[in-house]
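Hi,

Here is the structure I said I would pass on. Have a look at it first, and my notes on the sheet follow below.

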Amino acid sequence: MLVDLRSDTVTRPTAAMREAMFDAELGDDVYGEDPTVNALEAEVAALLGHEAGVFTPSGSMANQIGLQLLVPPGGELLVDSESHILAHEGGAAAAIGGISTQSWPSTAGRLDVDVVGRHVRESVAYHTVATRAIAVENTHNRGGGTVLAIEELRRLRRLADERGLLLHLDGARLWNAHVASGVPLAEYGRLFDTVSLCFSKGLGAPVGSILVSSAENVARARALRKRMGGGMRQIGFLAAAARHAVHHHVDRLAADHARARRLAEALAHRGLTDPGRVETNIVLLRHPGLAALAADAAEQGVLISVLSSDGGRLLTHLDVDDDGVDHAIKVLGELA
Ligand SMILES: *Cc1c(COP(=O)(O)O)cnc(C)c1O
């Protein structure tokens, strides 16, 4: 038995998803003529309470287009120190967007708007750098799948309005936040100027993300996507997979969350996990010899992610069932 808990990106399309891909109507999306892409973009934009959307090959590209829409070159983006935008996108904000970044210190991915507010910089002279936008991540990946509180996000919108700032949401796993909190997607979406979401994480599509915003912003986003080499042609195949995932794989995320909790509770007595911190499908691991533990676990068919000498993580997803969780608990429990 092989149980791959390294990431929720490792899923393979289900038989029903492959069928939807096979049957997809296609056109040239650079001409705006792929009906399946157009349907996906309209549908997800509406779900998020936005006017329009643009399909992208990756979440990183969706994030970077969003940031380029909100922050001009030389302007500052304020972001959590452990965010994907800062830690996992190859410095793209600086390298591609000419965007300067400043961060507030992450506290397990939680959002404290008082802390954020203290980091906002005003432009006081021609040589100073002004904060133009703030980005937050929900759920927070490196924080351990943390769900940001909706009250705090509403406070963030008020702060942005008071200080004349724009807001981007990295919602790669916003689907998980929505299922865990019960907060409608549109309620999250309406608080932000731009929102990115991934279809290729817990939703189980093979490729693809989306950026939603106003119609005017999305028209500019199409030009930015083309500039970065993200203009794609008959990609209705991929949009069909994403649509299938949005229709059939959102509610089932609750099962992933329950399995993550079960893993964390079963392994807590070994000191490996802290069940109190599991809110969605990510379980953080602590162990002094994690690399060795991961190598031994792999030999018994359990793959886990090593992030540092004593830290790692497990993620549950579409391709991990109850038997897989039982097997992982047995193997990791014995090795720890
Ligand atoms: C996965 C992820 C992304 C996008 O990653 P890609 O690999 O570029 O699709 C963005 N933000 C977060 C928090 C993620 O976990």
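Before the strands, one term: two strands count as paired if DSSP finds at least two bridges between them. Also keep in mind that this is a predicted model.

Let's start with β2 (residues 52–56). This strand runs antiparallel to β8 (residues 209–213), and five bridges join the two. One of the pairs to look for is threonine 56, whose bridge partner in β8 is serine 209.

Is β2 buried or exposed? Five of its five residues are buried, so the strand is largely enclosed by the rest of the structure. That goes for both faces: Ala52, Val54 and Thr56 are buried on one side, Gly53 and Phe55 on the other.

Now the whole sheet. Seven strands make it up, in the order β2-β8-β7-β6-β5-β3-β4, and it is open, with mixed pairing. The edges belong to β2 and β4 (100–104); each has a single partner strand, so one side of each has no neighbour in the sheet. On average, neighbouring strands are turned by 20° against each other, direction ignored.

Further in, β6 (residues 166–171) and β7 (residues 194–198) run parallel and are joined by four bridges. Here glycine 171 stands opposite leucine 197 in β7.

Then there are the helices. α7 (residues 150–163) packs on the sheet, where it touches β5 and β6, and its direction makes about 170° with that of β5. Helix α3 (residues 59–70) lies across β2, β3 (76–80), β5 (131–137), β6, β7 and β8, and runs at about 180° to β6.

Cheers

Notes:
Residues numbered from 1 in each chain as written. Predicted model: local features only at pLDDT ≥ 70, side-chain atom pairs only at ≥ 80, totals over all residues. Heavy atoms only, no water. Buried < 20%, exposed > 50% of the residue type's maximum accessible area, 1.4 Å probe, protein only. Axes fitted to C-alpha atoms, helices over the stretch in contact; angles between N-to-C directions. Contact = heavy atoms within 4.5 Å.
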